[in-house]
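Thank you for asking me to look over this entry. My comments are set out as numbered points, to be read beside the coordinates.

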Amino acid sequence: MQKHLYPVLIRPGETGKLIAECPLLEGCLSQGENVKEALENIREAVELCIEVMLERGETPPETANTLLSQVAVDV
């Protein structure tokens, strides 16, 4: 099996925990008390989301052409 890198967004949640989200996999979310835990939990969630996709005969999104960046805006 080949490893693929999936982008993850981590942000503060309303309950004080961190929310981790994989933007390439719609609805693939998890949470954690800290960054390490949030990353561990979202990794498991990504694996499960991909497993379900494969069981349905779907192809997981390609990650090679994904760019994660930031933009600056005046607020």
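The points below go from the overall fold to the core, then to individual residues, the charged pairs and the surface.

1. Overall fold. The model is a predicted one, and the comments that follow should be read with that in mind. The protein chain has 1 helix and 3 strands, which follow one another along the sequence in the pattern β-β-β-α. The C-alpha trace spans about 45 × 25 × 20 Å along its principal axes. Among contacts with a separation of 6 or more, 26% join residues 24 or more positions apart.

2. Burial and surface. Of the 75 residues in the protein chain, 24% count as buried. The accessible surface comes to about 6200 Å², and carbon and sulfur atoms make up 53% of that area.

3. The nonpolar core. The largest nonpolar core has 12 residues, including Tyr 6, Leu 18, Cys 22, Cys 28, Ile 42 and Met 53. Strand E2 (18-21) and helix H1 (35-55) each supply at least two residues of this core, and H1 gives the most, with 6 residues. In general terms, nonpolar side chains tend to be buried together in soluble globular proteins.

4. Tyr 6 and Thr 63. Not counting residues up to four places away in sequence, Tyr 6 touches Cys 22, Leu 24, Leu 25, Val 46, Ile 50, Pro 60, Pro 61 and Thr 63. Thr 63 itself lies in the segment after H1 and is buried, with a relative accessible area of 11%. With the same exclusion of sequence neighbours up to four places away, Thr 63 touches His 4, Leu 5, Tyr 6 and Leu 24. A polar atom of the Thr 63 side chain also lies 3.5 Å from the backbone oxygen of Leu 5.

5. Ser 30. This residue, Ser 30, is found in strand E3 (residues 29-32), and at 19% relative accessibility Ser 30 counts as buried, because the cut-off for that class is under 20%. Leaving aside neighbours within four places in sequence, Ser 30 is in contact with Leu 18, Ile 19, Ala 20, Asn 41, Ile 42 and Ala 45.

6. Salt bridges between elements. A search of the whole structure finds 3 salt bridges. In one of them the side chains of Glu 21 and Arg 11 meet at 3.8 Å, N to O; Glu 21 lies in strand E2 and Arg 11 in strand E1, so the pair ties together parts that are 10 residues apart in sequence. Lys 17 forms a salt bridge with Glu 33, with the closest N and O atoms 3.5 Å apart; as Lys 17 lies in the loop between E1 and E2 and Glu 33 in the loop between E3 and H1, this pair ties together parts 16 residues apart in sequence. Lys 17 is partly exposed at 28% relative accessibility, whereas Glu 33 is exposed at 52%.

7. The salt bridge within the helix. Glu 47 forms a salt bridge with Arg 43, the closest N and O atoms being 3.2 Å apart. The two residues, Glu 47 and Arg 43, are 4 residues apart in helix H1, which means that about one helical turn separates them. Glu 47 is partly exposed, with a relative accessible area of 45%, and Arg 43 is partly exposed at 44%.

8. A nonpolar surface patch. Ile 10, Val 35 and Leu 39 form a nonpolar patch on the surface, with about 220 Å² of accessible area together. Ile 10 is found in strand E1 (residues 9-12) and is partly exposed, with a relative accessible area of 30%.

Conventions. Residues are numbered from 1 along each chain as its sequence is written. This is a predicted model: local features need pLDDT of at least 70, side-chain atom pairs count only at pLDDT 80 or more; totals for chains, interfaces and linings use all residues. Side-chain values use heavy atoms; hydrogens and water are left out. Patches are made of residues with over 30% relative accessible area and no salt bridge: like charges are joined within 9 Å, nonpolar side chains (Val, Leu, Ile, Met, Phe, Trp, Tyr) within 5 Å. Accessible areas come from the Shrake-Rupley method with a 1.4 Å probe; for residues, only the protein chains shown count as cover. A salt bridge is a side-chain nitrogen of Lys or Arg within 4 Å of a carboxyl oxygen of Asp or Glu. Buried means under 20% relative accessible area, exposed over 50%, partly exposed in between (1.4 Å probe, protein chains only). A nonpolar core is a set of buried Ala, Val, Leu, Ile, Met, Phe, Trp, Tyr and Cys residues joined through side-chain atoms within 4.5 Å. Contact means heavy atoms within 4.5 Å. A polar contact is a pair of N or O atoms within 3.5 Å; within protein, one must be able to donate a hydrogen and the other to accept it, and residues adjacent in sequence count only if both atoms are side-chain atoms.
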